Amino acid sequence: MTAGEDEVWLDDDAGPLIRPYTVTAGRTRPAVRLDMLSLVVASGGVPANLDPEHAEALALCRTPTSVAEVAAHLRLPVAVTKVLLADLVHWRAMTTRAPRPAADLTDRDLLEKLLDGLQRA
């Protein structure tokens, strides 16, 4: 059975069923290097004629948000989300930055403050 033009394929739990390659027009690699922890944030510019997935990704990134978080909110694979976000960066609607480095866990002062805070709780 095939879907006609007016039919919408739905899965009760997942919502509309859309193949990831249709969202990215068949592209599988982002034009901008992003990893799952890269932070993306809307820059204020909104390109004309955004498709719904790009528009939703842009709306999610009013504050710095990781690629993994955006993928989770969009309910799309990370690879697909990276392509969408890379498009937005390329169109100058979004900027990206590396995630903050993890705190130095050998910093004695930091560890003492953490221990003090845990003992107070």
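Colleague: Which residues does methionine 94 touch, not counting residues up to four places away in sequence?

Modeller: Contact means heavy atoms within 4.5 Å. On that basis, methionine 94 touches Val40, Val41, Ala42, Ser43, Ala57, Leu58, Cys61, Leu85, Leu88 and Val89. Please note that this is a predicted model, in which local features need pLDDT of at least 70 and side-chain atom pairs count only at pLDDT 80 or more, while totals for chains, interfaces and linings use all residues. Residues are numbered from 1 along each chain as its sequence is written, and side-chain values use heavy atoms, with hydrogens and water left out.

Colleague: Which residues of the largest nonpolar core touch the most other members?

Modeller: A nonpolar core is a set of buried Ala, Val, Leu, Ile, Met, Phe, Trp, Tyr and Cys residues joined through side-chain atoms within 4.5 Å. Buried means under 20% relative accessible area, exposed over 50%, and partly exposed in between (1.4 Å probe, protein chains only). Here the largest core has 16 residues, and Val40, Ala57, Val70, Leu74, Leu85, Leu88 and Met94 touch the most other members. Helix 2 (52-60), helix 3 (67-74) and helix 4 (78-90) are the elements that give two or more residues to this core. Helices (H or I, at least four residues) and strands (E, at least two) are DSSP runs, numbered from the N terminus.

Colleague: Is histidine 54 buried or exposed?

Modeller: Histidine 54, which lies in helix 2, is buried, with a relative accessible area of 3%. A polar contact is a pair of N or O atoms within 3.5 Å; within protein, one must be able to donate a hydrogen and the other to accept it, and residues adjacent in sequence count only if both atoms are side-chain atoms. The side chain of histidine 54 makes such a contact with the side chain of aspartate 87 (2.9 Å).

Colleague: How many salt bridges does the structure hold?

Modeller: Side chains of opposite charge can pair when their charged atoms come close. A salt bridge is a side-chain nitrogen of Lys or Arg within 4 Å of a carboxyl oxygen of Asp or Glu. The structure holds 2 salt bridges. In one, the closest N and O atoms of arginine 108 and glutamate 112 are 3.0 Å apart. Arginine 108 is exposed, at 63% relative accessible area, whereas glutamate 112 is partly exposed, at 41%. Aspartate 109 and lysine 113 also form a salt bridge (3.4 Å, N to O). Because aspartate 109 and lysine 113 are 4 residues apart in helix 5, about one helical turn separates them.
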